[in-house]
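I opened this model to go through its backbone, its strands, its cavities and its charged pairs. My notes are set down below in the order in which I looked things up.

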Amino acid sequence: MTGGGRMSAGLRALPRPVAVAVGGGGVLGAAQVGIGYALEQRGFVPDLVIGTSVGALNGAIAAAHPGEAAPWLDRVWTRTRRREVFPLGLLSSRASIFADHGLRRLIARAGLPSRIEQLRIPFTAVATDLVTGAQALLDHGDLESALLASAAIPGVLPPVDRDGRTLVDGGVIALVPVRAALQEGAASVLVLSTGPTSRPLRPVVTPRRAGAVAARAGLLLWHNQIERDLHEVSRHIPTVVLPTGVETWPAPWDFRHSRRLISTACLAAGRFLDGLRISGPGLYRAEPPPAAAAGLGTTRTASILEGGR
């Protein structure tokens, strides 16, 4: 899976500058590597990269190695194990379950410069100000602390003190950072989202147990946040949601499935990109499978686009 091919018509038609918005989702971010392969195979290099949580790490590597980031990311994802990122028994403080030693080691192995300004493509990591609730756009200064802040899952990894603010995971406010891409000057955006939150929700039997109720509520929260942001931004610029093709997702901390996620997403995103046509601002995404589309009422979908309105 190497890059350098001819860019598809849809990619060529995207107004510049084109941002890649890379969402959060733990190990589900491995699917973003497959999408990266599909983009690089078609000769695409973004003008800016915006990342949230694990998407910030993926995005920083993409910004450091434009046009050849997918092999770097492939090695990171297929060689990493849960205990390296979330090492049991290493309590950080009363503020988190785990220390961030494992995440620091992962960042150190990623071939990144020390400062954001040294990346070859402009890059922004999205975090959340724990005190004010405001979105924090980290586009300059120390890169490691920006990535740690963007990925600081509340209660799981420690908050990061940076420039006088206490920061946590950007997914609290922007799991898929398309609004940040618009704020940073993008004229169009490619969305690398992951997991079941990024596609139409399937009807389920009403959950009864506490864990199932909490899981469903969390899924609804993230899904509604993503849909709100996508529709808001797509009123202004072409907003392309790249599919992963993944039907069965592992737990966000289970790194054993990385190879499957990468391969599946590469094929699905490639097919979508080859059929993509852009006709102005709008939301462009693949039609969901029939089972996912059932019960969606008046929600409109299309095989290639629901844009150009």
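The entries that follow begin with the ground rules and then turn to the structure itself.

**Ground rules.** I am working with a predicted model, in which local features need pLDDT of at least 70 and side-chain atom pairs count only at pLDDT 80 or more, while totals for chains, interfaces and linings use all residues. Residues are numbered from 1 along each chain as its sequence is written, and side-chain values use heavy atoms, with hydrogens and water left out.

**Backbone.** I looked up the peptide bonds and noted that Arg16 and Pro17 are joined by a cis bond, with omega about 0 degrees. Pro17 sits in the loop between helix H1 (9–12) and strand S1 (18–22); here helices (H or I, at least four residues) and strands (E, at least two) are DSSP runs, numbered from the N terminus.

Ser53 has a phi of about 55 degrees and lies in the loop between strand S2 (48–52) and helix H3 (54–64). Asp163 also has a positive phi, near 55 degrees, and its place is in the loop between strand S5 (160–162) and strand S6 (165–169). For accessibility I use buried for under 20% relative accessible area, exposed for over 50% and partly exposed in between (1.4 Å probe, protein chains only). On that scale Ser53 is buried at 10%, whereas Asp163 is exposed at 61%.

**Strand S7.** How many residues of strand S7 (residues 188–192) are buried? I find five of the five, so the strand is largely enclosed by the rest of the structure. Ser188, Leu190 and Leu192 point one way from S7, and Val189 and Val191 point the other way.

For its neighbours I count two strands as paired if DSSP finds at least two bridges between them. S1 and S7 run parallel and are joined by five bridges, with Val20 standing opposite Leu190. S7 also runs parallel to strand S8 (residues 238–241), with three bridges between them, and there the bridge partner of Leu190 is Val240.

**Cavities.** I searched on a 1 Å grid over the protein atoms alone, where a cavity is a set of points at which a 1.4 Å probe fits but cannot get out, and lining residues have an atom within 4 Å of a point. Grid points are joined across faces, edges and corners, and a volume is the space filled by probe spheres set on the points. The structure holds two cavities of 30 Å³ or more.

The largest cavity has about 240 Å³ of space. Of the 19 residues that line the largest cavity, Gly36, Leu39, Glu40, Ala62 and Leu192 are the closest to its centre. The elements giving two or more residues to this lining are S1, helix H2 (30–41), H3 and helix H4 (69–79), and H2 gives the most, with five residues. I sorted the lining by class, counting Ala, Val, Leu, Ile, Met, Phe, Trp, Tyr, Cys and Pro as nonpolar, Asp, Glu, Lys and Arg as charged, and the others, Gly among them, as polar. The lining of the largest cavity then divides into 13 nonpolar, five polar and one charged.

The second largest cavity has about 30 Å³ of space, and among the residues lining it are Asp100, Leu103, Leu148 and Val160. Its lining has seven nonpolar, no polar and one charged residues.

**Salt bridges.** I take a salt bridge as a side-chain nitrogen of Lys or Arg within 4 Å of a carboxyl oxygen of Asp or Glu, and a search of the whole structure finds ten. One of them is between the side chains of Arg16 and Asp47 (2.9 Å, N to O). Arg16 is in the loop between H1 and S1 and Asp47 in the loop between H2 and S2, so the pair ties together parts that are 31 residues apart in sequence. Arg16 is partly exposed at 42%, and Asp47 is partly exposed at 29%.

The side chains of Glu227 and Arg285 meet in another salt bridge (2.9 Å, N to O). This pair links helix H10 to strand S9 (residues 282–285), 58 residues apart, and both Glu227 and Arg285 are buried. My last entry is a network of salt bridges that links Asp100, Arg104 and Glu144.

Key. On a 1 Å grid over the protein atoms alone, a cavity is a set of points where a 1.4 Å probe fits but cannot get out, and a pocket is an open set with protein on both sides within 12 Å along at least five of seven lines; lining residues have an atom within 4 Å of a point.
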